[in-house]
Amino acid sequence: MPFDLGLLPSGHLHGLSVADAVPSPGGQGRPGLADAFARHVAEGLFELAADRSTDGLTPTLRYWHDFAGSYLGARCRLPDPPATQDALPADHPEDPAPPVAPLTAAEAERWLQAAPPMQGAEYLGIDLLCTLWNRLDHWVRARIREHGSLAALLDARAPQWHPLGRVCFHLAENRRDPDYPFAFMATYAPDDAGPPRGRGAARYQPLRNALREYADADDKPGLVRLLSPVHRAAVASPLIDELVKSGDLYHPLAWTPEEAYRFLREVPRYEESGLVVRLPDWWRKRSRPQVGVRIGNERQGGLGKEALLDFELQVVIDDEPLSEAELAALSAAEAGLVFLKGRWVEVDRQRLDEALSHWRTVAAEAREGRIGFTEGMRLLAGAPVDLGRADDDQARQAWSRVRPGEWLAGVLEQLRAPQGIAAARPGKGLKGTLRPYQEQGVNWLWLLSRLGLGACLADDMGLGKTIQIIALLLRFKQHPPAGEAKPSLLLLPASLLANWQTELERFAPSLRTRFVHGSQLDDTPRPDGEGRDHPPSLADCDLVLTTYGTLTRREWLQGTAWRLVILDEAQAIKNPATRQTKAVKRLQADARIALTGTPVENSLSDLWSLFDFLNPGLLGSAKRFKGFVDSLAAREHDQYAPLRRLTGPYILRRLKTDRRIIDDLPEKSEVDAWCNLSRVQVAQYRRAVKELKHGLETLDGIQRRGLVLAYLQRFKQICNHPAQGLGGGDYEPKNSGKFQRLAELCEEIASRQEKVLVFTQFREITAPLAAFLAEIFGRPGLILHGGTPVRQRRERVEAFQREEGPPFFVLSLKAGGTGLTLTEASHVIHFDRWWNPAVENQATDRAFRIGQRKNVLVHKFICRGTIEEKIDALIREKRSLADDLLRDGGELPLTEMDDAALLDLVALDLDPP
């Protein structure tokens, strides 16, 4: 079966069928990989890297193949002590499997930057990479102990890999001889040439001694084993083949710089063959002359696509410019090693000349010594200036050194580390308190917006993207840029109109807002006469809010100059071919902001469309971008690093699992999810109010109480879905504001591979909800209500609690409110309200309780303008004052209200945006 890899929110690297994975070109994987990953992630990584070929691997599999291969390479470079038949505990002084050095932060960062798009890529981080490396090391060490030695393990399970043998190639400097400044010698470590089990340094002897030693012992098989790495190297290296055939390998040799360079270039082949190689320290971190490029020394007022950055060009060694005399000496030198500036440097005149010619062409095309912002950002990211094939450019980059100038380096550092940006406080206009990470988000948005750059705020759900945008708008109201006053435009799905209206009223009552929307809440004509070609006056407006659908029907929105254009649920423009996306991208603004809780880098086509809005031109045309991405996949190393460096400064993502964030969050957060009624719901609700009013006029006593209870239930059912209010029928999602809001929430939850509990008090709607959610999550979930047998109840709970189990669980409130532990859920949705806080809290605590490892986000659905909103307000008021309205378990005594108060409570109160 086609196979790929993905990450779960826990950081677990797991196998998945290609049908479930992020679409990507690639082969069918390898037989047995799925079973290996199912047994243990480290075993899967080992099996993946055991075959050194990457043919047929998807980009994700190739990435993890290279990661595990890097570990195996490090393992093979450790001395392999002689095999032992004795079982030794871990970390025993004679342990045959000493640990491999852990990843450094710099190494882990390089792996992070190189990662391709994959399912769960947002959970990949330095800590996780280090953890996987350590798990792989622990697993391999255990297998080495089982087999007795690394050599035995590799022979059995990875025969293409070879442990470090006892033959060593030494290259050293010989400064006493200027004509032959290098010395070579092949040596070996006799069996007794060092401390036991490879501890400490072995005492090497000339390799020629081995011929005599094994001849005297008549041990030809032993000599063959000793020299097997040499023979493997001779197959891979013409130089070693020559030395073996001539016999020079067994004698000390004096080498010219050219001969030494030929040897040095082939060192990786020798190490792969199992040879120990000892080299001068300077070679591992070798210097070479490079074309040094500096971009952006001079301060700029803005960095939009029209900005021009200063551009400097010179030849440098380790960032030190070369003098004219040094350049002349360099030009006269042959390719190889040259002694310059008191050190040996690597010189390849052809490649250096090619790089210099390339950069001179770039400089000539720059306008008056300046380069466009888009081109400059591409170069700094390590991408070609024209976003051409990155694999062709990779060789040239080895002989180039592109750096930001002093001013631009400071700006980029702020973009990558928002905690260092100067505070952009919204002032007293914000009726709320920003958490520290939210303050950093506002500062970051303020910096990018003032520079004219697009910004994607990709915070996890529940971290407060809305309040950060509100604070930013207040900051612009406080400190408007010089020039004409302009309003900002916020585009959002219709299902979020009520949420934004509520949050703006709560946090920023001083912001002057205008909603432009053919409201589903109101059938009356709009008094301002606005239409397709008749814009209203926006002179006294700070923010205009409209929906994606309305944008395509109001042409004046696209003809207005905006301060900011902000997209909420920005995945709405992921398809560049739609009319809606094209309309969004035609909007004119000083700066653009996208808000999304879904991963933005896991689908490259989605990423391109988003950046085509945020920073048009940065990723080129769709066709050129595809060619660029394909060329990244063909690179030998750091495949996707240029793309991540190119887009990274404009994306701010914080996860609830981030240690810097989690300590700043309550363990359980409750948020109101405001929903609008559909036209069908409005009509049905109003009709029910009229019927209740008529019934109250004719009934009293117990009959009145029964009528009131029945209609209270009916109002709840209408708010859920018109089909439920009618007692059955088609649960068409578009006819329910709650279903639309549920879709918005769960699409994001599904994209993060998180789990959710959905509570309702109505058994009859559990099946329609589960069917709807199965479409969103792409796989079925679970249902539990009062009719679920006890045995099935236990089985379903156990299934949900498995990390890779069903993604959602729909529960009736009473059946799911007690006796369950469902701590795999990180979200709880109360689809309808019980109007009893104690019952709702009891249900919520199925997810949030002892043993919970996640922050739980509780979403309470409330239909605006309905009895749900009014009851919610009553409960909030009485919670903060007294408990006189709530009695015996927290129920509201609604049946005891007089007719006027009751009708006022249930009346539909719509104030259309």
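## Ground rules

Helices (H or I, at least four residues) and strands (E, at least two) are DSSP runs, numbered from the N terminus. The model you see is predicted, with local features needing pLDDT of at least 70 and side-chain atom pairs counting only at pLDDT 80 or more, while totals for chains, interfaces and linings use all residues. Residues are numbered from 1 along each chain as its sequence is written, and side-chain values use heavy atoms, leaving out hydrogens and water.

## The open sheet

Let's begin with the strands. An open sheet of seven strands runs in the order β17-β18-β16-β19-β20-β15-β21, with parallel pairing. At its edges stand β17 (513-516) and β21 (651-652); each has a single partner strand, so one side of each lacks a neighbour in the sheet. Two strands pair if DSSP finds at least two bridges between them.

Within this sheet, β16 (residues 488-492) and β19 (residues 561-567) are joined in the parallel sense over three bridges. Here Leu-491 stands opposite Leu-567 in β19.

## Arg-553 and its loop

Arg-553 lies in the loop between α21 (548-551) and α22 (555-559). Its relative accessibility is 40%, so Arg-553 counts as partly exposed (buried means under 20% relative accessible area, exposed over 50%, partly exposed in between; 1.4 Å probe, protein chains only).

## Thr-433 and its loop

Another loop, between α17 (406-416) and α18 (436-451), holds Thr-433. Thr-433 counts as exposed because its relative accessibility is 73%. The C-alpha atoms of Thr-433 and Ala-471 are separated by 10.0 Å, and these residues are 38 residues apart along the chain.
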